[in-house]
Amino acid sequence: MICADELGPVIPRAFPPAPGWSPDGHRIKNELDYSRGPEKTWVYGGLRVRDGIEVTTTAASRNSVNYQHFLLKIEDANPSGTIWIVTDNLSSHNSKSTREWLEDHPRIQHVFIPVGACWLNLQEGWWRLFRKAALADRSFCGPDDIAEVTTAATAQLNARAKPWIWGRPTPPTRILRRRFEYRL
């Protein structure tokens with residue numbers, strides 16, 4: 001079972017973020033820029049739940065062709081058996097071209113999570129680890145830098161991967177240091 005999702009757009013930022021306050025105490029105001037820019041990059045990720053290994057790739061856009069390239073990478077990483085892909089019901093995941101592509105790859109089976117239940121996809125929790133390892137407090141010159149950092153962070157996180165279990169672990173049993181006794 002593979003939990004798959006997209007992260008993005010990740011935008012190169014070649015300047016440091018603005019500080020929160022100036023030396024004389026007033027708040028710094030920057031001009032807001034809501035454009036995504038021509039160099040946005042999407043990160044596709046697939047988490048193999050049984051051992052915690054991740055497969056990632058980057059793409060310039062989020063479309064059916066790039067999603068199919070990502071599925072091919074997942075198929076190469078899992079050489080045997082049926083591959084169940086748990087993902088959201090995005091148009092690129094369920095498009096006509098993707099369905100036709102899946103007919104040629106019968107090992108891959110899609111399972112779509114309900115709308116509004118993204119917490120069922122364990123990939124969302126892995127994105128939090130990825131953002132901290134790869135994207136936090138960094139500036140990038142372009143999409144190639146984002147792809148390089150994605151590859152490095154995925155390798156680092158895969159080196160210490162563990163199986164993903166949905167829910168909280170059982171609390172450890174409490175060891176009593178002293179036994180209390182009543183004395184008469």
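The crossing of helix 1 and helix 2 is right-handed, a term used when the near helix is turned clockwise from the far one by less than a right angle, anticlockwise being left-handed. The model is predicted, so that local features need pLDDT of at least 70 and side-chain atom pairs count only at pLDDT 80 or more, while totals for chains, interfaces and linings use all residues. Residues are numbered from 1 along each chain as its sequence is written, and side-chain values use heavy atoms, without hydrogens and water.

Helices here are DSSP runs of H or I with at least four residues, strands are E runs of at least two, and both are numbered from the N terminus. Axes are lines fitted to C-alpha atoms, for helices over the stretch in contact, with angles from 0 to 180 degrees between N-to-C directions. In contact, meaning heavy atoms within 4.5 Å, Ser64, Tyr67, Gln68, Leu71 and Leu72 of helix 1 meet Ser97, Thr98, Trp101 and Leu102 of helix 2.

A second pair consists of helix 3 (residues 123-135) and helix 4 (residues 143-159), whose axes come within 9 Å and cross at roughly 120°. On the helix 3 side, the contact is made by Trp126, Leu129, Phe130, Ala133 and Ala134, and on the helix 4 side by Val149, Thr150, Ala153, Thr154 and Leu157. This crossing of helix 3 and helix 4 is right-handed.

Strand 1 contains Pro9, which a cis peptide bond with omega of about 5° joins to Gly8.
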